[in-house]
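Please open the model in your viewer and follow the selections below in order.

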Amino acid sequence: MTRSAPAPRELLEIAIEVARDAAATAYRMRAEGVSVAATKSTATDVVTAADRAVERQVLDALAKLRPDDSVLGEEYGGGEAGDAASGVRWIVDPIDGTVNYLYGLPHCAVSLAAEVDGEVVAGVVRNLMTGEEWTATAGGGAWRDGQRLRCSTETDLGQALVATGFGYDPARRSHQARVIAELIPHVRDIRRLGAAALDLCLAAEGRVDAYYEKGLAAWDQAAGGLVASEAGLRVAGLGGLPAGPDLVIAAPAALFAPLHDRLADLDASGGP
């Protein structure tokens with residue numbers, strides 16, 4: 001960190017306060033009824049009015065609490081890393097798992113991370129339906145409900161429960177389906193739950209053994225990725241690249257290499 005910035009714990013406290021309020025708003029709006037406000041990449045890639053309202057609430061709250069910071073959000077965009085005079089950039093996904101939210105499925109969350117000089121140092125993911133909340137700070141571990149999280153101890157890829165997700169473009173989905181068809185004989189099973197931030201948190205506490213996905217944006221993985229790495233998972237891309245849009249793999253040390261190599265052989269980062 002090259003500039004004076006708050007300690008990760010202080011940023012986490014702000015993130016928790018803002019995320020809890022945002023999750024309460026999203027939950028209330030879901031109870032009042034939700035409808036599609038727009039679509040993004042395809043007709044099935046939806047945005048609800050709640051996505052926009054929740055992100056606006058987060059932006060307004062952060063502007064009051066940390067006026068010199070910048071914010072990158074899924075719905076309203078924002079500044080590049082390093083733009084803020086303070087060196088702090090917030091990364092927000094107002095509702096991760098929007099389709100689940102639209103259908104009332106209990107796997108959707110508010111995700112909020114704080115990045116200092118390009119490094120994510122604090123993050124919170126809050127399931128807005130169940131109230132489950134995962135937090136992490138760089139070097140401070142990953143936590144849920146006061147318990148420190150440790151990832152799976154599974155060492156055999158053939159016994160690993162692996163989570164993943166699909167994009168919205170039909171051609172990408174077809175490629176991802178081919179990858180799964182070739183991967184599934186080599187793992188215990190596959191889970192597709194529909195919210196990347198929550199999938200990373202489930203991997204952090206061993207409720208799935210590993211996770212991978214192509215096409216994640218910064219807001220999909222910033223907070224969840226920190227939770228995962230602080231719980232002991234290796235979070236990276238293929239071939240030594242950092243985790244990013246081409247591919248995110250989160251797996252315990254013993255599973256990372258065999259899963260990585262299998263995904264590389266299957267061209268999991270390829271396709272549209």
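**From overall fold to pocket**

The protein has a radius of gyration of 18 Å, which agrees with the value near 19 Å that a compact globule of 272 residues would have. Please bear in mind that this is a predicted model.

Begin with the C-alpha trace of the whole protein. Viewed along its principal axes, the trace spans about 50 × 40 × 35 Å.

Colouring by burial, with buried taken as under 20% relative accessible area, marks 53% of the 272 residues as buried.

Proceed to the second largest pocket by selecting V120, Q221, G225, V235 and A243, the lining residues that lie nearest its centre. The lining comprises 13 residues, and the space within this pocket is about 270 Å³.

Which helix gives the most to the lining of the second largest pocket? Select residues 218–230: this is helix α6, which contributes 6 residues to the lining.

Finally, colour the lining of the second largest pocket by residue class. The selection divides into 9 nonpolar and 4 polar residues, with no charged residues present.

Note on methods. Residues numbered from 1 in each chain as written. Predicted model: local features only at pLDDT ≥ 70, side-chain atom pairs only at ≥ 80, totals over all residues. Heavy atoms only, no water. 1 Å grid on protein atoms, 1.4 Å probe; cavity = no way out; pocket = protein on both sides within 12 Å on 5 of 7 lines; lining within 4 Å. Points joined across faces, edges and corners; volume = space filled by probe spheres on them. Helix = DSSP H or I, 4+ residues; strand = E, 2+ residues; numbered from the N terminus. Nonpolar A, V, L, I, M, F, W, Y, C, P; charged D, E, K, R; others polar. Rg over C-alpha atoms; globule rule 2.2 N^0.38 Å. Buried < 20%, exposed > 50% of the residue type's maximum accessible area, 1.4 Å probe, protein only.
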